[in-house]
Amino acid sequence: NRQIILANHPVGMPTAEDLPLQESALPELQDGQLLMKNIYLSLDPYMRGRMSKAKSYAAGVPLGTAMQGGTVGQVVSSKLDGFAEGDFVLGFGGWQDYAVQDKTTLRKLDPSQAPISTALGVLGMPGFTAYAGLLEIGQPKEGETVVVSAASGAVGQVVGQIAKLKGCRVVGVAGAEDKCRHVVEAYGFDACVNYKDDDFETRLAEACPNGIDIYFENVGGKVFDAVMKLVNDFARIPLCGRIAHYNDTEAPQGPDQLSAFLTKLLVKRVLIKGFIQFDYAHLMKDFVKDMSSWMQAGKIQYQEDVVDGLENAVEAFQGLLEGRNRGKLLVRISED
Ligand code: NDP
C-alpha cells in the first residue's frame, strides 16, 4: 500500500521531504470494517493546518502516519454490514492507495445519480461549506451585493452560484484572468476582479457600486483589507478561510490594525462570524435536496481539476496554496 506520510511539520510551503511516499503493509480487517480502494483523493486547504503543530479545531496528523483526507473509492472486501464488494463509497481514506474504514466515516454512493467525484466537491464538503456559510451567516436578500474570494475554487464557485439563485449581484475575486473569465461565463457572476492587478481596489469598488452587503471570506490579506473599505451598514461576513496566511511563518509587518478594524465593525454594525462546516450538520439534508435539484435543473455548474497519480499529490497540494488549481482539486489514485 503506497502512502504519503507526514514526516515533518512543514515550515512555510510543504515540501516533498515533509511528505514522502512510502510503502506499508495493510492491517488485517476486523469485524465492522471494510477495505476501500481509493479512486479520488480530495486535496483541501484545511490539510495545511493538519500538517502543523499549532492547536486548531481538529487534531493534527501524527508524525509518521499517512496524511488524512476525504476520498471516494470502491469496496474491495467487507466485514461491515450493509457494505459489499464493489460498492462505491465516500470515506476518509487518506493519501494512500487503500484504506481500512468503519461506519463512522462512510457513506454509500450511487454512481447513477452523479459522478462519484462530486461527493468530494460540489455535492460534498466544499459545496456544503458554501451553502451553510452563505445561507446561515450571510442571509442573502434579493438585490444585495455579495463578494466572494477564491471565487473560482471549490467553495467559491458554489457560493457565487447560490447567491445568484437568491437574486444577488455577485462579484468574484480571483488571482488569474482565466479564473475571472470562467466565473462570469460559466457561473453567471456579474463581475470578477483579479486581486493581482495594480488597480485591484479601484476595480473592486467599480464592480460594487452599491457597496458590499455580504463578503464570503476565503483568503484574508489584501483582499480582506480592500473589501472592508466597501462594506455597507449591517454587512455580514461568513469567515470561512484565510488561505493567504496558511504558510505564514511570522506575524504580518506593520502597525497593528485591530483597533481600526473593530471600530469599523462597530460603526458599520458588521456581523463577522467564523464557522466550520461540520457545525452545521443539521442543514445537510436540506443541502442534499436543494443542491441535487439545482444540479438536475442545470442551475449549478462545477469545475474539477484532476491530477493523475498519488505520487503527484504533494506538488498538486503546493499548487492549491499557490492558486494553480482550476476548480475543485482532486487526485486520481486509481481508475474508476
Ligand atoms: P480552492 O479550490 O479555492 O483553492 C484554493 C485557492 O485559494 C487557490 O486556487 C487560490 O486562488 C486561492 N489562494 C491561494 N493562495 C492565496 C493567497 N495568498 N491569496 C489569495 N488567494 C489565494 O479551495 P477551497 O474552495 O477548497 O477552499 C477555499 C477556502 O475555504 C480556504 O480558505 C479553505 O480553508 C476554506 N474552507 C473552509 C471550510 C470551513 O468549514 N470553514 C471548509 C472548506 C474550505 P486564486 O488564484 O484566486 O488566488
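Analyst: A residue is counted as near a molecule or strand if its C-beta atom, placed from the backbone, lies within 6 Å of it. The ligand is surrounded by 30 residues, and the closest are Gly153, Gly175, Gly241, Ala244 and Gly323. The model is a predicted one: local features need pLDDT of at least 70 and side-chain atom pairs count only at pLDDT 80 or more, while totals for chains, interfaces and linings use all residues. Residues are numbered from 1 along each chain as its sequence is written.

The shell may first be described by residue class. Ala, Val, Leu, Ile, Met, Phe, Trp, Tyr, Cys and Pro count as nonpolar, Asp, Glu, Lys and Arg as charged, and the others, Gly among them, as polar. On this basis the shell around the ligand holds 17 nonpolar, ten polar and three charged residues.

Next come the elements that contribute to the shell. Helices (H or I, at least four residues) and strands (E, at least two) are DSSP runs, numbered from the N terminus. At least two residues of the shell are supplied by each of helix H2 (125-138), helix H3 (154-165), helix H9 (313-322) and strand S15 (328-332). H3 gives the largest share, three residues.

The loop between strand S8 (145-149) and H3 is the place of Ala150. Most residues other than glycine have a negative phi. Ala150, although not a glycine, has a positive phi of about 45 degrees. A residue is buried if 20 or more other C-beta atoms lie within 10 Å of its own, exposed if 12 or fewer, and partly exposed in between, with C-beta atoms placed from the backbone. Ala150 is buried because 28 other C-beta atoms lie within 10 Å.

Phe234 also has a positive phi, near 65 degrees, and its place is in strand S12 (residues 231-239). Phe234 counts as exposed, because it has 11 C-beta neighbours inside 10 Å.

Gly172, found in strand S9 (residues 169-174), is buried, with 29 other C-beta atoms within 10 Å. Two residues are in contact if their C-beta atoms, placed from the backbone, lie within 7 Å. Leaving aside residues up to four places away in sequence, Gly172 touches several residues, among them Gly156, Gly160 and Cys192. Gly172 and Cys192 are 20 residues apart in sequence, yet 4.3 Å apart in space, C-alpha to C-alpha.

The wider setting is given by the domains, whose bounds come from an automatic or database domain assignment. The assignment gives domain 1 (2-121 + 302-332) and domain 2 (125-279). Their contact takes 16 residues from domain 1 and 15 residues from domain 2. On the side of domain 1 that touches domain 2, six residues are nonpolar, seven polar and three charged. The C-alpha centres of the two domains lie 28 Å apart. The shell around the ligand draws at least three residues from each of these domains.

Finally, the protein as a whole has nine helices and 15 strands. Of its 336 residues, 43% count as buried. Its C-alpha trace spans about 60 × 45 × 35 Å along the principal axes. Among contacts between residues at least 6 apart in sequence, 65% join residues at least 24 apart.
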